[in-house]
Amino acid sequence: MVSEWIAEASAFLNEAVKPSKETQTFTTSQIRSLVPSSYAAQHTDSDLHAIALYALHLLSNIQVASKATPVPSPGAMTLGMHDLMILYKLFDFLIIYCLYPCLTIGVGVSLRTRLNHAFGGKQHAPPIEKGEGKPNILEAILTTILNVQKDGGDVGTLIGVRSKYMLDVLAGCGELAFNPAVSETRKAQWTAKFNEILESLDAQALITMLTSLLHAQCPTWFRTVLAEKLSMISVRPRGDGVQSVVSFVLGLRTGEDVSLEKVTRAAKLICAIPKTMSGDDYYSIVCPQLLGMLDLPGDKTPMPRVSAQIIAQLNSTVPEVARRYIIQPVHQPLLAPANEELLRKAISRLTVLVVNPDFVLTEKLIQPVLLELWGLLLYAHKTNRSKWEERAQSLILVHVKTTGGAKAIVRLLQNITYVSGPTWEFGPGSEGGIDIRPATIQREVAMDEIDGRVEAALDLLKRVETVEGLMSEVLLALLRLWLSAGEESGSSDPVAMVATLRLLQETLDRFGESALKKPRQIIELVKGVLDEFVEKTKASHRQYSPAIAAPSLSGLGSIVQGQDSDDEDEDKEGDGQEGDSDTVGLAISLLTAILGESEDLSAEELRFLGTTASSLDFISQNYPNPLLAAPALNLKTLIAARTSVSDDVKSTLTAEKTSVEKYAEGLQLLQDPLVPVRAHGMQMLRDLVDVADPVVDVNAVLSIFTNLVRDEDSFIYLNAIKGLSALTYRYGIDITRHLLQAYAESSEQWTVDARLRVGEALLRTIQGLGAALVGDVATDIARVLLDVSARRKETSKDVRLRASALSILGMAVETNATGMGQWCARAIEAALAILQLERSEDAVTVRRASVVLIAGVLKGISAVAEFPAEHLKDMQRIITYVEATDSDELVRVQARGALNILHDMISGEFRLEESTSVLRI
C-alpha cells in the first residue's frame, strides 16, 4: 500500500535529513548506514550509489502503489497533504544528496541556492566528498525520474516538466549529453533527451531555465550549448519565441518599465542570426512572429510598438529582408481580394508601423499602396464608414507630412476617380466594414459621385493646409491638370475634368491665402498664358474655347466669377475675343493676388515676375477693352515698384530665414494630433540643437522637451528623452542641473513615471560626458542621486525611483570613478546601508540596484587600494551575507557577481578571509 512506502520514506528521511537547529548533516557513509542492510549489501561499489538507488527504490514503489490505489472520484488524488510533504522531501533529498554530487562543478545552480528551495530552507549543505566516475549513478537517477514522469499518475504529475525540479533534471541531462568525458554513445542518447525536455517547455520557461544555468561558473562546454539553445528560441516551431524573448528582456512579467535601452537590447537580440542557420531561414521564421506581435492590443501591452522598432532596425540593417518578409505580407491584403478581417489587420499593422520615426520605412510602407488607401478612403466616405475613412486618412496624412509632401497629394487628386485595382474592387464586409472582392470589370465613377469625392479630398487638404508650401503646389498641379486636359480634350475623361474643375473652385475658395504663399511656379504658368495671348493678338487670331470641352484659364475665370458648368453654352455667339479676355483677366487677377498676399517674395521670384512686364505693357497699350487694359497697366506699375528692391538684400534675407523656417516648422508640427508628425517635429528641433544653431531658444526647447517627457505616449516620451540628452550634450551643466531639479522634485506635476524618464535622460548624459564627468557637475549629480536614493516611503513607485537613482549613480562612477572622487565611497556606504537595513520584500528592487551600484563602483575604480581596508572588509562581509541569505534570487546572483569582481581585484593586494565554500564532487 502507498501508506507503507510513505512511512518507510518518512522514517529514512527523518534520520538522514536533520534540521540545522538540531545537528549538522550526516556524512555520506553515515547516511548509507540508514539504508536497510538487506538493500545496501547488494550495492557495495560506493556509498553514494547505494543511497541513490535506495531513494529511487522508494520513489518508484510510491509511484506504483499510488497508481494501484483506487480513487473515490475522477480527478481525485491518492496522496494526502502529509504524503505530498514526504514525497517532496524525498525528491529534494534525491536531487541534493544524490544528483548534484554527480555534476561537474558549475553545472546547475549553486548548491546554496538549491538548499534555499528545499527542506524549508532549514538544512545545512550536505558534506559532499569529491570523487569521479559518476555517470552511472547520474544515469540511474535521471532514468528513474524521467520514467516516473512519463508514467504519469499523482507522483509523475508532481515532478513533471512544469515542476521546480525540472531545472535540476535538465542540468543532469546536460552533464551526460555534453561533458567531453562521457562516452559518445551515452552522449547521443542523453542529447536526445535533453532536447526533448527543451521542446516540452514553453518559451518563457525555457528562457528562464537556460539563463539560470548560464552563469559565471558554468563550464565552457556547457556554456556553449546553453548559449546556442538560447539563440534558437526565436525560431521555435511553436511560434512564441520572439515574443517570449522580448518579454524577458523588457521584464514585462515582473512589471518593470519599458525603457529605450531595453527595447534596443531586445531588437539586437532578435536581429542576431544563430550561427547554425542562414539569414533567410532565420528571418522567414522570426518575421511572421513580429507581424503577429503587431496585432496584439496596444492598450494592454507594449509589444506592438516594440515589434515596430525591431522591424525598423531590420529595415535599416537588412532592407531586403524587411521588404520580403514584412512589407510585402502587410501590403498583400490591400492588393488582392481579402476579407474584412484581413483588410482590417493590414490597416492596423500599417498604423502601428508608421508610428516609428524611421521615415524611410514609412515611405516603403505607404507609397506602394497609396492609391489603394485612397480608394479605401473614398469608398468609406461614400458608404459612411467613418472609422475606416479615418484610418485610411491617418495613414495618408503620415505619409504626406513626413516623406510624401505635395507630390503625394497631387497624385491622389490626379486620381480623383480611382475606384479599384484591375481585378478587384471594394465592397461591404461581412461584419459591417469593408472587404476587397474579385471583379472582372472596372466600375466607372458617375457624375453624381463627384461631390462626395471632392468633399473627401477637401477634408484631406484641410488637414495639410498648414504644411509649408504644400497648398501652392497643389493649386499649381490642379491648374496644370486642367490645362493639359484642355490640350487633349478629345481623349479626356469628362467626369475627371468636372471633378478637377470643382477641386480648383473649392481650393481657391477655401485655401486661397495659403495656396498663393509660394507663387514662383504659378507666375511661370501665368506668364505663359500672357505671352501666348500677346502672340495671338499680334497675329490677329482669335479662337473660342468652351469652358468644359477644352479647359483653359478662361474656364478658370468662370470659376472665380461664380459661373456653373451648366452655363457653359451661354453667349457662344461671341467672336472668341471675350473668351481670351476672360483668360487674361484671370491671369492678371492671379498675379495681383500674389503680390497682395505674398509680402516676402524672393529676389528670384520678383525678377521672374518682372519678365511679364513686356506682355502687360503690350496689353495695356493695344487692347481696346479698358476693363483689361487698366488692370494690366496697374499690375505693371505694381511689379515695377516691388522689383526695385535690391536683389542682394533680398537674397541675404532669404538665406537668413532657412534655420528660422525650420525652427518654426518644427514647433508647428508639435501641435499636430498625429504622433509620427509630432515626432518629426521633435527630430527637427533636435537637429538644430545638435549643431547649436543660434536660432534655437534653449530655454523654450528645454521647456518643450521637459513637458513632452511627461506625455503618456511611450513613443513621444522616448523621443523627448533623446531631445533632453541632446540639450545636455550641447549646452552643458545648466541643462543638466535643470534635469537634476526635475528628477529630485516630488510633486503632482512631476510624477514618479515622469521623473524616471528624466532619469533615463540623465543616464544618457552621464554616458556621454565620459572623462568630462568631474568637478561641479559630478558633485551636483552625486548629491541629488544620493538624496533621492535615501528617501524612504511606503510605496512601490518610490522604491522604483530610489532604484533608478542608485543605478544612475553606479553608471556615473563606472564612467569616471576618478572624476567622482569622494562620492565613490559615499555611494558604497549608501548601498551597504540599504542591503543591511532594508530586508523586506517591498525593498527587493532597491536592493538589486544597490548591488549593481557596488559592482559599478568596483568596475570604475582602478584599484581597491583606493578604499580603506576596513571598508573593503565590511563590503565583503555584507555582500557575502546577502549572497547567502537574501530572499530574492536575483539579488543573490548579483551579489555573487559583485563578490567575484571584488575577489579578482583584491588578489595580490590583500589577504582577506575567504568565505566558507561548499565542495562538490
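A: No disulfides turn up here: a search of the whole structure, which is a predicted model, finds zero. Take Cys102 as a worked case. The closest cysteine sulfur to its own belongs to Cys98, and the two sulfurs are 7.7 Å apart. A disulfide needs the pair within 2.5 Å, so the sulfur of Cys102 is too far from that of Cys98 for a bond.

What about cover, is Cys102 buried or exposed? Cys102 is buried, with a relative accessible area of 6%. The cut-off for buried is under 20%, so Cys173 counts as buried too, at 0% relative accessibility.

Now zoom out a bit. Buried residues make up 52% of the 921 in the chain. In soluble globular proteins, nonpolar side chains tend to be buried together. In this model, the largest nonpolar core has 205 residues, and Phe93, Val246 and Trp374 have the most contacts inside it. There's also a second, separate core of 89 residues, with Leu718, Val777, Leu785 and Ile834 among its members.

As for the overall build, the chain has 43 helices and two strands. If you look at contacts between residues at least 6 apart in sequence, 72% of them join residues at least 24 apart.

Key
Residues are numbered from 1 along each chain as its sequence is written. This is a predicted model: local features need pLDDT of at least 70, side-chain atom pairs count only at pLDDT 80 or more; totals for chains, interfaces and linings use all residues. Side-chain values use heavy atoms; hydrogens and water are left out. Buried means under 20% relative accessible area, exposed over 50%, partly exposed in between (1.4 Å probe, protein chains only). A nonpolar core is a set of buried Ala, Val, Leu, Ile, Met, Phe, Trp, Tyr and Cys residues joined through side-chain atoms within 4.5 Å. Helices (H or I, at least four residues) and strands (E, at least two) are DSSP runs, numbered from the N terminus. Contact means heavy atoms within 4.5 Å.
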